[in-house]
Amino acid sequence: MGSFGTSHPEPLALHLKKFPADRDDHLFRMERGGQIIRTSFFDHVWHGSVKKAGLPAGIGMHALRHAHAHASLLIAGGESVKVVSERLGHTNAAMTLNT
């Protein structure tokens, strides 16, 4: 991983301190424990967060992968186009560069 992933571990470290994970546990899970259930997450977390952030209603998590800020942070952090392409779910680096 490039410098972004290695030089900014604070959010993940804070998450793990608050929600320590066992070897066989989910890294991100519901506040009371257990696997995040997509419908429950959308109903109780996502929709309110979208509204609070002033984003258009109906926007999904997939759309955020393509946000310019996400790709820009990866590139600014020194990630390769190949890694950025993988993170965005593109089939290859050329698709990322064309987008």
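This is a short walk through one predicted chain, from the overall fold to a few side-chain details.

Let's start with the whole chain. The model is predicted, so keep that in mind throughout. The secondary structure comes to seven helices and zero strands. Read along the sequence, the pattern is α-α-α-α-α-α-α. The chain has 99 residues, and buried ones make up 15% of them. Now contacts. Residues 24 or more positions apart account for 19% of them.

Next, helix H3. It covers residues 38-53, which is 16 residues. A straight helix at 1.5 Å a residue would reach 22 Å. The end C-alpha atoms of H3 are only 20 Å apart. Where does H3 bend? At Val45, by about 35 degrees. After the helix comes Gly54, and its phi is positive, near 75 degrees.

Which residues of H3 are buried? They are Phe42, Trp46 and Val50. Think about the spacing here. An α-helix has 3.6 residues a turn, so residues three or four places apart point the same way.

Another is Phe42 with Trp46. This one is tilted, with 5.8 Å centre to centre and 50 degrees between the planes. Together, Phe41, Phe42 and Trp46 form one aromatic cluster. As for burial, Phe42 has 13% relative accessibility, so it counts as buried, the cut-off being under 20%. Trp46 is buried as well.

Now the charged side chains. How many salt bridges does a search of the whole structure find? One. The partners are Glu86 and Lys82, and their closest N and O atoms are 2.6 Å apart. Both residues sit in helix H6, residues 81-88. They are four residues apart, so about one helical turn separates them. Is Lys82 buried or exposed? Exposed: its relative accessibility is 54%, and the cut-off is over 50%.

Last stop, helix H7, residues 93-98. Thr96 is found there. This threonine has 14% relative accessibility, so it counts as buried. What does Thr96 touch, leaving out residues up to four places away in sequence? The list is Val81, Val84, Ser85, Leu88 and His90. Go back to H6 for a moment, since that helix spans residues 81-88. Val81, Val84, Ser85 and Leu88 carry numbers within that range.

To recap. The predicted chain has seven helices and zero strands. H3 bends at Val45. Phe41, Phe42 and Trp46 make one aromatic cluster. Glu86 and Lys82 form the salt bridge. And Thr96 in H7 is buried.

Terms used
Residues are numbered from 1 along each chain as its sequence is written. This is a predicted model: local features need pLDDT of at least 70, side-chain atom pairs count only at pLDDT 80 or more; totals for chains, interfaces and linings use all residues. Side-chain values use heavy atoms; hydrogens and water are left out. Helices (H or I, at least four residues) and strands (E, at least two) are DSSP runs, numbered from the N terminus. The expected span of a helix is 1.5 Å times one less than its number of residues. The bend at a residue is the angle between axes fitted to the seven residues ending there and the seven starting there. Buried means under 20% relative accessible area, exposed over 50%, partly exposed in between (1.4 Å probe, protein chains only). A salt bridge is a side-chain nitrogen of Lys or Arg within 4 Å of a carboxyl oxygen of Asp or Glu. Rings of Phe, Tyr and Trp (its six-membered ring) pair if their centres lie within 6.5 Å; planes under 30 degrees apart count as stacked, over 60 as edge-to-face and the rest as tilted. Contact means heavy atoms within 4.5 Å.
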